[in-house]
Amino acid sequence: MIKPPPLRNDCFALPAGTHWTPVDEALTTLRDRLTPITALETLPLDQAIGRVLADDVLAKRPNPPLPNTAVDGYGFAGPIPEGPHVLPLVTGRAAAGIAFEGEVPAGFAIRILTGAALPRGVDTVILEEDVTCDGGQVAFHGPLKKGANARRAGEDVLASQVILSKGRVVTPADLALAAATGHAELPVRQVLQVGVLSTGDELVEAGEPAGRGQIYDANRPMLLALLRQMGFGAVDLGRVGDDREALRKRLDRGAEQVDVILTSGGASAGDEDHVSALLRQAGAMQQWRIALKPGRPLALGMWQGTPVFGLPGNPVAALVCTLIFARPAMGLMAGAGWAEPQGFLVPAGFEKRKKSGRREYLRARIRGGRVEVFASEGSGRISGLSWAEGLVELGDAEAHIRPNDLVRFIPYSSFAM
Ligand code: AMP
Ligand code: MG
């Protein structure tokens, strides 16, 4: 099994002197620096579903492999001119998988069933519904074009044609195509394993009694489930308090276990922001101040060779940063290439003014052909994440959006969520 080279320690470095990095610049940096890090393996078709293809796949044989009939009927040499025709039948028949070995002489016809290879001397087929047959001969009306109701060899796929491209995520239909063209197994990449770690003294586990001032860890269940939906391996690295040593140990263990770590909380530059402090100590951390709402600081770094995405603690910001930054980055590391989420221009059902100099994502959904946004933009409003069915993306420039202006709506499904 081959393992690609690890990422460089400085892979998250931003150009020096940048104050607030525009979203597109941050994305370009990730896109340029990151490379696939998952190992390659070969899997039988039934286990390859959902995997990223490690290489182009070429057809081993054409589809269909031989010229054959698309219908049940009678085969002969075409074309057949206009007017009535009577052709004597040869003895025997051609059926799918049971070839007729002889040759059908000119002026004769043969009984032939769907999928049967065309016998020598046959290139044209008439539907059985369109003939009368007395057992010894068939009568029908022309005209019939040469090749009617027949499939040419390779008309679907030629031998050696690329049927599936490197980086594609294998679908059920791809398995049909691979099987039909002679494959029993596919070259794929191992699943990118992503660890999820929550940080903060205030957090307690869902279902446990919560003391005064404590809140339930909402990010971990969300992020673990999201990663699974996106086709990554989701590994629960648990929850640690605001304790640098505990966090260090957990990151050490995580780095051995997974390919990428997502943390939430503690990513800013404050006293209790231990994720960013530790990554800074490790000498391979970048505080990304991205011109993004909701978002704020994102701490990107390498911990013992493992990339760490230090997401903001607020669930809304944590989700938006995962969808906008972590997802395409993880897709690249998984070997699937860079995925731009598919957005759609939809008339706004709201009014909003925004400042220049930062990108904004609003929790949104479509009702009655217009996009409505959640009443509050507060990044602690988890109910709005659940209310929404996607995000509205507002560009970096100043804007005044009025009802019925077209805005870019990105459904959650475009993020595989
Ligand atoms: P921090 O980024 O650590 O400053 O956290 C920002 C806000 O998000 C604070 O109000 C935290 O209590 C909250 N927060 C942090 N982590 C989580 C979490 N896992 N679930 C819910 N809220 C969180
Ligand atoms: Mg915190």
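A residue counts as buried when its relative accessible area is under 20%. By that rule F409, with a relative accessible area of 5%, is buried. The structure described here is a predicted model.

**F409 and its surroundings**

- F409 belongs to strand β28, which covers residues 406–411.
- Leaving aside residues up to four places away in sequence, F409 touches G343, F344, V346, A364, R365, I366, V371, E389, G390, L391 and V392.
- S356 lies 53 residues from F409 along the chain, and the C-alpha atoms of the two are separated by 20 Å.

**Aromatic pairs**

- The count of aromatic pairs comes to 2.
- One of them joins F76 and F140, which are stacked, with 5.3 Å from centre to centre and 5° between the planes.
- Because F76 is in strand β4 (residues 73–76) and F140 in strand β9 (residues 137–144), this pair ties together parts that are 64 residues apart in sequence.
- F76 has a relative accessibility of 1% and therefore counts as buried.
- F140 is likewise buried, at 3% relative accessibility.
- F374 sits in the loop between β25 (370–373) and α8 (382–387), while W387 is in helix α8, so the pair ties together parts that are 13 residues apart in sequence.
- With a relative accessible area of 17%, F374 is buried, whereas W387, at 23% relative accessibility, counts as partly exposed.

**Ligand 1**

- Ligand 1 is surrounded by 14 residues, of which the closest are E202, D217, A218, G266 and G313.
- By class, this shell contains 5 nonpolar, 7 polar and 2 charged residues.
- In the side chain of N219, an N or O atom is 3.3 Å from a nitrogen atom of ligand 1.
- A polar backbone atom of G313 is 3.0 Å from an oxygen atom of ligand 1.
- For N314, a polar backbone atom is 3.1 Å from an oxygen atom of ligand 1.
- Ligand 1 taken alone exposes 480 Å², and the protein buries 73% of that area.

Conventions. Residues numbered from 1 in each chain as written. Chains lettered and ligands numbered in written order. Predicted model: local features only at pLDDT ≥ 70, side-chain atom pairs only at ≥ 80, totals over all residues. Heavy atoms only, no water. Helix = DSSP H or I, 4+ residues; strand = E, 2+ residues; numbered from the N terminus. Buried < 20%, exposed > 50% of the residue type's maximum accessible area, 1.4 Å probe, protein only. Contact = heavy atoms within 4.5 Å. Phe/Tyr/Trp six-rings, centres within 6.5 Å; stacked < 30°, edge-to-face > 60°. Near = heavy atom within 4 Å. Polar contact = N/O pair within 3.5 Å; in protein donor to acceptor, adjacent residues only side chain to side chain. Areas by Shrake-Rupley, 256 points an atom, 1.4 Å probe, with all protein chains shown as cover. Nonpolar A, V, L, I, M, F, W, Y, C, P; charged D, E, K, R; others polar.
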